[in-house]
Amino acid sequence: MHGYRGKILRINLTDKSWKLEEINHAEAVKFIGGRGFGSKIMFDEVDPTIDAFDPANKVIIATGPLTGTPTPAGGRYMVVTKSPLTGTIASSNSGGYWGAEMKFAGYDVMILEGKSEKPVSIFIEDDKIEFRDATGLWGKTTIETTNELMKEAPEKAKVLCIGPAGEKLSRIAAVMNDLNRAAGRSGVGAVVGSKNLKAIVIKGTSKPTVADPDALKEVVKRGRAQIKENGVTGAGLPTYGTNVLVNIINEQGVFPTNNFQETYFDKAEEVSGETMADQFLLKRESCFACPIACGRYTKADDIETGGPEYESVWAFSAACGVSDMKAAIKANFWANEMGLDTISAGVTVATAMELYQKGFIKDDELDGLGLKFGDAASMVEWVKKLGLRDGSLASKMAEGAYRLADAYGQPDLAMTVKKQELPAYDPRGIQGQGLQYATSNRGGCHVRGYLISPEILGLPEKLDRLEIKGKPQWAKIFQDLTAFIDSCGLCLFTSFALGADDYAEMFTAVTGEKHTAEQILEAGDRIWNLERVWNIKAGIDPSQDKLPKRLMQEPIPSGPSKGHLSRLEEMLPLYYQERGWDENGIPTPEKLKALGLPV
């Protein structure tokens, strides 16, 4: 097998055993790898109706066939499980170097089963697997954990771990790797914590083979040139990181402020990518085989940290009414240390601020801290407290924005879809992105179909962000392409410069399995439908394809997008038609059969 290593490492945490299984090559190619193959394993092995914290839930760590190869930004891996936040199938993506190292160790997939009686870490060096007691690491932050484990690890080993948030089963906990990279969304870190698994240390010494080295060399050369020539991947992201988006999004009047009560932040420049580069940037960082190097490493007072990314800056600035870049950097640092999803953490604090603003949270619940929009110092402290579940209110925050708001009888104040916190784009002024939010298989998410690319950035062509015509078709194309990119092990940012034909050539050159652009989109469609069916079996029915009432009923009050609402209800039936589903949003037997899925 080329690209693939041909091995699944199945680990039973209950009895500390492991075994190797041969990968089913036909199934792997059908579902590509990564997100797709991981989801197929979930579909086959995990009852969708179980509780996410049941030991019968599994954590599947999956690489793609292009992970660990010379393809541009081919370093991604996925964490697939049942989400404790949404109840959907979770598939959380991370970069850095850990995923490539897993491939070098010889594995396409790890399946983590059962639950350890005591905290445990796993050390993997090629075919050597060792379980070690992690009781002494329990309670430590992610950086403390990584530093301690590296004292025992082989040189240049990579560490994946959880922080206190995952240990305490926060539904917005992340899995962290390489210190500052995160499989952040959907609470995957809490599922790892529920199994008493603190970390996996991995070291590999061999690389995957490729089917056609000469063809791959040519397609990689061409792809890197396209990435360099593209204005986003060749200039904007390398120079300013993802936070280059702050001023761009704010100028369109779609930069959610004060928990989506406003959409224009008059102090956006103070937290922009330009300000970060001028005043806080120490160095750029890149992931495995990445020519973009969009990662930032910043310093604020005595704190140094990887990031923050655009979404994290927004969550810890405008979402909370904060214009202090130092505070955003510090909050990002503590989110990483606690092992928290930065988007969910920031939006949850913003939700608490609105609950306080409207009198639902009382002063005697604040543990001496502030909770007003704009209170930068208190925002940073609340991130730490919710990561530790330190106090009654912080413990409620650790459950995420929806459950926090619902605890006060105000679920409509939570800006979530399927209980997952929305990211940094207001869908009232970006119609296609709103449709993508509502239909995402993992709840509120921007990277399951990044329609910001055509609607704001004009890539691959400029679409009118306020128009709904054609948006259902665009949503499906972007969702299917993203499913393929996630599954093959590449970074989504390459799609600013590369198209379906480029990905098809890379996949073919690496694996020897000839795919056209049409075939990779079909594979994405297959993966999307598989996830949809799993979610429906889990009780996530199509009635949850919706946006918060605020975004449907309260027009944007001011700024460049004043007066607009999401027109989701007009787009949704057309989207279902485009997908080949029935009028209720259920995949039809004919659709499933055509994709080779169980009917």
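**Close-up 1. Thr-516 in the loop between helices H20 and H21.** In this predicted model, Thr-516 has a relative accessibility of 31% and therefore counts as partly exposed (buried means under 20% relative accessible area, exposed over 50%, partly exposed in between, with a 1.4 Å probe and protein chains only). Thr-516 lies in the loop between helix H20 (500–511) and H21; helices (H or I, at least four residues) and strands (E, at least two) are DSSP runs, numbered from the N terminus. A C-alpha separation of 8.8 Å is found between Thr-516 and Tyr-503, which are 13 residues apart along the chain.

**Close-up 2. Packing of helix H2 against helix H21.** Two packed helices are described by the angle between their axes and the distance between the axes. For H2 (residues 34–45) and H21 (residues 517–537), the axes come within 10 Å and cross at roughly 35° (axes are lines fitted to C-alpha atoms, for helices over the stretch in contact, with angles from 0 to 180 degrees between N-to-C directions). The crossing of H2 and H21 is left-handed, that is, the near helix is turned anticlockwise from the far one by less than a right angle. H2 contributes Arg-35, Gly-36, Ser-39, Lys-40, Met-42 and Phe-43 to the contact, and H21 contributes Ile-527, Trp-528, Leu-530, Glu-531, Val-533, Trp-534 and Lys-537 (contact means heavy atoms within 4.5 Å). Seven nonpolar, two polar and four charged residues make up this contact (Ala, Val, Leu, Ile, Met, Phe, Trp, Tyr, Cys and Pro count as nonpolar, Asp, Glu, Lys and Arg as charged, and the others, Gly among them, as polar).

**Close-up 3. The six-stranded open sheet.** The strand order is E8-E7-E12-E9-E10-E11, with mixed pairing (two strands pair if DSSP finds at least two bridges between them). Strands E8 (128–133) and E11 (181–183) are at the edges with a single partner strand each, so one side of each has no neighbour in the sheet. On average, neighbouring strands are turned by 20° against each other, direction ignored. E9 and E10 run antiparallel and are joined by two bridges; Leu-160 has Asn-177 in E10 as its bridge partner.

**Close-up 4. Helix H4 on the sheet.** H4 packs on the sheet and touches E7, E9, E10 and E12, its direction making about 140° with that of E9. In H4 (residues 142–150), the buried residues are Thr-142, Thr-145, Thr-146 and Leu-149. These residues lie on the same side of H4 because they cover an arc of only 95° around the axis, taken from the directions from the helix axis to the C-beta atoms. Their cover includes strands E7 (120–125), E9 (158–161), E10 (175–177) and E12 (197–203), together with helix H12 (325–338).

**Conventions.** Residues are numbered from 1 along each chain as its sequence is written, and side-chain values use heavy atoms, with hydrogens and water left out. In this predicted model, local features need pLDDT of at least 70 and side-chain atom pairs count only at pLDDT 80 or more, while totals for chains, interfaces and linings use all residues.
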